[in-house]
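Subject: Structure handover

Hello,

Here is the structure I promised to pass on.

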Amino acid sequence: LSPPRRESIEVPGLGHKAPIPAASRIGPFVATGNVYGRDPATGRISDDPDAQVTQMFANLEAVLAAAGGTVDDLLKVDFKVASLSLRAGINEAWLGLFPHPRSRPARSVSQYDYFTPPALVHCDALAVIGDR
Amino acid sequence: LSPPRRESIEVPGLGHKAPIPAASRIGPFVATGNVYGRDPATGRISDDPDAQVTQMFANLEAVLAAAGGTVDDLLKVDFKVASLSLRAGINEAWLGLFPHPRSRPARSVSQYDYFTPPALVHCDALAVIGDR
Amino acid sequence: LSPPRRESIEVPGLGHKAPIPAASRIGPFVATGNVYGRDPATGRISDDPDAQVTQMFANLEAVLAAAGGTVDDLLKVDFKVASLSLRAGINEAWLGLFPHPRSRPARSVSQYDYFTPPALVHCDALAVIGDR
C-alpha cells in the first residue's frame, strides 16, 4: 500500500475539536486550517492580544515545520481579528518573520465578530514548499 | 485552435445567476465558487439545515467530478454558516467523506450574516487533482 | 547569490501602509493581497462605486502584469463589498474581462462591514501563470 497522496498535518497540542487536521499537504502545496494563539503546552489562549499574536505566529511556524516547510514557503496569509487594532501587533511580528521586503507573502486582515473568547485572532495560510 | 488553458467547470442545475462558473481549472488546480445546498433537480434550497448540508456536500462532489476530480483531491474547504450551530451537521457529513484521519483536507468555518434565505451555508474549495 | 524563490510583487502607487507586497509569487503561483479601487496616480479612492470597481479591476490587471501574468491566469477572485448592490457593477466589469464563458475564473462575493471609507470594495486573487 502506498501512502495517501494527501497528508493530514498534525502538531501536538494544536489539534482542533473538529475532525480536521492543523493543515493538509498535497505534493508541494500546504493549506492550513485556522491557526490560533493557543499555547500547545497548556492548551490555553492568553487574554493578552500581543501574547496571542506572538503565539499564533509560533504555531504557524510549527504547523509549517510539521509539513516540511518554513515561513519562507508561505504564499499567502489571511488574518481574522476581533478588532483592527490588532494589526499593529501583527505588523511587528510580521516584520520579524519577513525582514526582506523583496520576499514576502501576500496578506489580508479582516475583522470578524464571532470569535469564542478569549480568542481575538487567527490566521490561515497557503504555502508552496520547495526542494531543499 | 488549442483549448483555453483555463477551463470553466459547470454542472447542470448548479449554475450561478452571475456570469461565473461553478469552478475553474488550470492544469491540476481547481478552485470552486460558492457551493450551496441547492437541489440541482428542482433548483430549490431546503429550509432544513441538515438537508442543506447534505446537499451541499453532494454538490461539491458533483463539481469536483465535473472538473475530473474527487473529494480525495481537496486541499482546503472553507465554510460560511448563518449560525455556528451548523458545525455539528458539517462534522457529521465531513466524517463520512473523510473517514481517514491521516488524509483530510484543511478546513475553516466562519459565521456570515448576509445569506439570502433560505440559504444557511455554503463552501468553497481548492483542489489539486492527481494523475489517475 | 540567487534571487529569493518567493518574490514580492509591487506596483507603483498601489503599495500598502502595512509591510506587505501587492502580491507574492512562488514559481507559477501568484496570490494578491487586497486590491482596492485606489487611483495609483493620485492615491485617492473615488466616492463613486462604479469608478471604484473599474479602478479595482484595472489595479488587479496591473498587479498581475507586475507578476508576469494577465487576467487569463486567474484561477479564483474573491470580492468583499460594503453592499451586495455592488455586484451589478462587478458583473459588468467581469464580463468585459472574461467574455468567454468556457474560460472564466471562479469567484465569490461577500458583504463586509469594516471598510475604511470611502473604500466600498476590494478583491484578492489566486493565479497560476503559464508559459508563454
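The contact between chain C and chain A takes 24 residues from chain C and 29 residues from chain A; contact means heavy atoms within 4.5 Å. Before the rest, some ground rules. This is a predicted model, in which local features need pLDDT of at least 70 and side-chain atom pairs count only at pLDDT 80 or more, while totals for chains, interfaces and linings use all residues. Residues are numbered from 1 along each chain as its sequence is written, chains are lettered from A and ligands numbered from 1 in the order in which they are written, and side-chain values use heavy atoms, with hydrogens and water left out.

**Chain C against chain A**

About 2,100 Å² is buried here, and carbon and sulfur atoms give 52% of that. Buried area is the accessible area (1.4 Å probe) that two parts lose on being put together, summed over both. In chain C, the residues that lose the most area to chain A are C:R6, C:P19 and C:Y114. Together they make up 33% of what that side buries.

The rule finds three salt bridges across this interface. A salt bridge is a side-chain nitrogen of Lys or Arg within 4 Å of a carboxyl oxygen of Asp or Glu. A:K76 pairs with C:D124 in a salt bridge, with the closest N and O atoms 2.6 Å apart. On the chain C side, β1 (6-9), β2 (23-26), β3 (29-32) and β7 (121-128) each give two or more residues. Elements are DSSP runs numbered from the N terminus: helices are H or I, at least four residues, and strands are E, at least two. By class, that side has 13 nonpolar, five polar and six charged residues. Ala, Val, Leu, Ile, Met, Phe, Trp, Tyr, Cys and Pro count as nonpolar, Asp, Glu, Lys and Arg as charged, and the others, Gly among them, as polar.

**Chain C against chain B**

Here 29 residues of chain C touch 23 residues of chain B. The two chains bury about 2,000 Å² between them, 52% of it on carbon and sulfur atoms. C:L75, C:R104 and C:R107 supply 25% of the area that chain C buries against chain B, more than any other three residues.

Three salt bridges are found across this interface too. C:D73 forms a salt bridge with B:R5, with the closest N and O atoms 2.6 Å apart. β6(C) gives the most to the side of chain C that touches chain B, with six residues. That side has 15 nonpolar, six polar and eight charged residues.

**Pocket and cavity**

Both come from a 1 Å grid over the protein atoms alone: a cavity is a set of points where a 1.4 Å probe fits but cannot get out, a pocket is an open set with protein on both sides within 12 Å along at least five of seven lines, and lining residues have an atom within 4 Å of a point. A volume is the space filled by probe spheres set on the points, which are joined across faces, edges and corners.

The largest pocket holds about 1,200 Å³ of space. It is lined by 49 residues, and A:D78, B:D78, B:K80, C:D78 and C:K80 lie nearest its centre. The lining has 19 nonpolar, 15 polar and 15 charged residues.

The whole structure has one cavity of 30 Å³ or more. The largest cavity has a volume of about 80 Å³. Its lining residues include A:F29, B:F29 and C:F29. The lining is made of eleven nonpolar, no polar and no charged residues.

Best wishes
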